[in-house]
Amino acid sequence: MEKIILLGDEAVALGAIHSGLNAGYSYPGTPASEVMEFLIRQSDGGRKYVAKWCVNEKVAMEEALGASYAGQRAMVSFKHVGLNVAADPFINAAVTGANGGLVVVSADDPGFHSSQNEQDSRYYADFARVLCLEPASHQEAYDLTREAFDLSEKFGLPVMIRLVTRLAHSRAPVVIREAAKKNRDLKYGYSPDWTLLPANARHRYQVLLKLQEQLKDYAEGCLFNRFSPAQNGSRLGVVATGLAFSYFQEIYPRLDFGPAFLKISTYPFPEKKLLELIDQVDEIIVIEEGYPFVERFIRGVAGIPGKIIKGKMDGTIPASGELTPEIVAGALGLSAKTGLSTGNFQLPARPPQLCSGCPHGDTFQALNEALHGYDRANVFSDIGCYTLGALPPYKAIQTCVCMGASVSMAKGGAEAGVYPSVAVIGDSTFTHSGLTPLLDAVYSNTDMTVIILDNGTVAMTGAQPSFGTGEPLDRMLVGLGVNKDHLKVINPLPKNHQLNTGIIREELAYHGLSVIIARRECIQILGDKKRS
Amino acid sequence: MTYNLILAGVGGQGILSIAFVIDQAALAEGLYFLQSEVHGMSQRGGAVQAHLRLSETEIHSPLIPQGEADLILSVEPLEALRYFSYLKPDGVVISSRSPYINIPDYPPVEDIYREIKRAPVSLLVEADKLAKEAGSLRAENMVVLGAASVYLPLREENFKNFISVLFQTKGDKVVNTNLKAFDLGRQAAKGEF
Ligand code: SF4
C-alpha cells in the first residue's frame, strides 16, 4: 500500500494518470493550475500521454472532446471562471456525448482567494445534465477521478469533478492503487451524434434526458454518498457535501447527540437517501461550500411542513465565503474556542503587490504620466499580476472583469465617448481572449490605445508558457491588421521613463487604433533562468 | 494527539519549503497530516500562511480552528501576530526578528516584539544573522524551522533528510547552507530554553 503526499489538484491528476489518461489539456488559473503542472511533470516529456497548456479554456475543452471522440481518455482542467469560457463546448459535449472517458475538472474558489467571483460549478453540471462528483478529501479526489473515467464511458457522457480551493491547495498522504492499463484503441470514423444538426441534436437530447434516471440510480447506490441514521433519539439531520463533510466529520465526535447525516459526493444527489434522512428528523442543517445548491432543492418554494431547514439561506451559515471549522461548529451549536488576542494593537493588512522591479510598474508610471491632463480617460484592464496596478501606489487601472474584456470594453467605452480609451492586457490574456476583440477594433479603426504588457509568461499562476510573446506577437498584430505606424514597442525600464511616456502620449493623441507593446520579461522567470 | 501549527510569512519567503520538509518528515514517521497552503495572487508579496496538522489518527479539517494552534512559526514578526487568534492559551510562537517592510504603515518593530512576547512561550530568532552565517540570506526560513524543530513532534534526522531532498537539485552547496541554517536555528532555540 503506497502512500504519497499530494495536493488535492495532484490527487486528481494522478487519479487520471492511473485511469490510463491519454490526453490532458488546461489553461492556468488558481486554484486549478497544479492539475496540469503535475500532469506535465509526470508525462516524461509527453511520451506517456499528451499534457498541454492551451491558449484558453474553450480550446482546452474542445481539444479534450476531440480526443474523446477518437476513443481516448481525456481530461480538461481549469478554474471555475474558466468553465464560463468553456461553457459552449461543455454544454454541447453533454448533448453529443463522449466516446473515450471525458473528465472536466472545475475548481471553485469560495472565499475569492484569487478570483473575481464565487460561482459554483455544480450549477453548470446540472445545467448540462451531466454527472458531477465532489470529493470530500484527497483520497476521494484520487478515487473519484478514477471512478469518473469509468462512469464517463459507462454513460457516454462527460463527467465533472468539482474541487474547491481548500481541497485543491492542501496536501495530504493518499493511498494509491495499481494503475489501469492504457488500452484505448484509436477510433477513426465518426458518429452522427457528433454533428448537432437540429435533427441529430433533438435525438441526442432525448438520449440525454433518458440517461437522467440512470444517473440518479447511480447516485443512490454510490458508496461515496453515505447515509447514517440518527443515534440516541436525535432529531437533527445534517446534509454535507464534498469538503463540507470533512469539517462536519471533524466535529462529529465532539457532539453529545448523534445527528443523522447524509454525505453527498455526487450530483444528481441521492434523493431517496435524502428523503430517508428528512423522514427521521425535525431539523435539517445543510452544509456546503459555494452556493446553497442542495439546500435550495430541499427547501423548494414552500419548505417542508413541520421541519426546520437551516443553511446558507437563513443565515445559519454565511451566504458567502468559504467554510471554516468555526462556522460548521457554530451551525451545530458548539461554541468556538478563542485564541490569544492582539488587543489594541493595530495590525496593518499586507495585500499582494507587484514584485519590486516588475516591468508592469514602469509601464503604469509612464501611462499615468501620459494620461495627465485628460479628464475623460478610462483605463480598462484585465486579469493578471498587472491587476494589482489598481492599488496604490499606481492606481493606474479602473476595471478587471474577465479574460480579454479590457480590449472589448475599451472599444465600447471609446464608442460611448471615453477619450482616451485605453486597454491594458498581458500577453497571455491577450492570446486567451484579446485577439478577437482587437480584430473588432481594427475593423472599426476605433479611437483607442491597447497596451499589451508582454512579460513573456503567465506570471500570476506560476510562469506557464505564453502563446504570443516577443516577435511572434508583433507579427500576430500586423497580421490582424494593426496599422504598423501605430504599433509601437517600448522597453519599460526606469531609465526609459521619459521616452516611454512620450510614445504613449503620442499614441493617445492619435485618433484611431494604436497598439503599444510594453516588452520586458517578468523578473521572476528572469531570476529562475539565472539560477538554473 | 493532534499537533496544529501555523506557518506564516510574506509571499516569496519560502513558507512552502518549510511545509514540504515537515510534511515529508511526518509521512516518514507514519503520522497523518493535512496541510493547506496559499497559491496565486497572495504569493506576490502579500501575507501568506499555511495550516499544518499532524496526528496519529486521521484528520479531516484542512483548517485549524481558532484557539487550537500549538505553534506559530513565522519567517516575519508582523506576520506572526496576524494569526494570534489561532493560538492555544499555552501556545508557542517562534518568529524571525527581521521585519519585511513592503507596506507604508508597518508598525515600529519594537512594538511588534513586545506584542509577540505576550504569548506564553515565544522566541524571536536572529534569522537574518544566522542565515548569513550559514551562507545565504535566503535560508532564513530554515533557521526558523530549526528553532521550531525543538518543539515539533518529529525527529531531527527527518528534518535534515528532507531538507537535503528539497535542495538536492540545487547542488551540495545550497544543501549544506540550508542544513547549517537549520542547525543554527535549532541551537539558538536550545540555548534559549
Ligand atoms: S511575477 Fe512577474 S509579472 Fe508578476 S508582479 Fe512579479 S515581476 Fe511582475
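Over the face of which ring does A:Lys3 lie, and at what distance from the ring centre?

1. In this predicted model, A:Lys3 is placed over the face of B:Tyr32, at 4.7 Å from the ring centre.

2. Taken over all chains, the structure holds 15 aromatic pairs. One of them joins A:Phe155 and A:Tyr218, whose ring centres are 6.4 Å apart and whose planes stand at 70°; because planes over 60 degrees apart count as edge-to-face, the pair is classed in that way. A:Phe155 belongs to helix H7 (residues 138-155) of chain A and A:Tyr218 to helix H9 (residues 198-221) of chain A, so the pair ties together parts that are 63 residues apart in sequence. With a relative accessible area of 7%, A:Phe155 is buried, and A:Tyr218, at 11% relative accessibility, counts as buried too.

3. In chain B, the rings of B:Phe159 and B:Phe182 have their centres 5.5 Å apart and their planes at 35°, so this pair is described as tilted. B:Phe159 is part of helix H6 (residues 156-167) of chain B, while B:Phe182 sits in helix H7 (residues 172-192) of chain B, and the pair therefore ties together parts that are 23 residues apart in sequence. Both B:Phe159 and B:Phe182 are buried.

4. Ring pairs also build a cluster in chain A, which links A:Tyr123, A:Tyr267, A:Phe269, A:Tyr291, A:Phe293 and A:Phe297.

5. Turning to helix packing, helix H5 (residues 87-96) of chain A and H9(A) pack at an angle of about 85°, their axes being 7 Å apart. Because of that angle, H5(A) is roughly perpendicular to H9(A). The residues that make the contact are A:Ala94, A:Val95 and A:Thr96 on the side of H5(A), and A:Ala201, A:Arg204, A:Tyr205 and A:Leu208 on the side of H9(A). H9(A) is also the helix that holds A:Tyr218 of the edge-to-face pair with A:Phe155.

6. In chain B, the axes of helix H4 (residues 127-134) and helix H5 (residues 140-149) come within 8 Å and cross at roughly 110°, which means that H4(B) is roughly perpendicular to H5(B). The crossing of these two helices, H4(B) and H5(B), is right-handed. Their contact is made by B:Ala127, B:Asp128, B:Leu130 and B:Ala131 of H4(B), together with B:Glu140, B:Val143 and B:Val144 of H5(B).

How values were computed. Residues are numbered from 1 along each chain as its sequence is written. Chains are lettered from A and ligands numbered from 1 in the order in which they are written. This is a predicted model: local features need pLDDT of at least 70, side-chain atom pairs count only at pLDDT 80 or more; totals for chains, interfaces and linings use all residues. Side-chain values use heavy atoms; hydrogens and water are left out. Rings of Phe, Tyr and Trp (its six-membered ring) pair if their centres lie within 6.5 Å; planes under 30 degrees apart count as stacked, over 60 as edge-to-face and the rest as tilted. Helices (H or I, at least four residues) and strands (E, at least two) are DSSP runs, numbered from the N terminus. Buried means under 20% relative accessible area, exposed over 50%, partly exposed in between (1.4 Å probe, protein chains only). A charge sits over a ring if NZ of Lys or CZ of Arg is within 6 Å of the ring centre and within 35 degrees of the ring normal. Axes are lines fitted to C-alpha atoms, for helices over the stretch in contact, and angles run from 0 to 180 degrees between N-to-C directions. Angles under 35 degrees count as roughly parallel, over 145 as roughly antiparallel, 65 to 115 as roughly perpendicular and the rest as oblique. A crossing is left-handed if the near helix is turned anticlockwise from the far one by less than a right angle, and right-handed if clockwise. Contact means heavy atoms within 4.5 Å.
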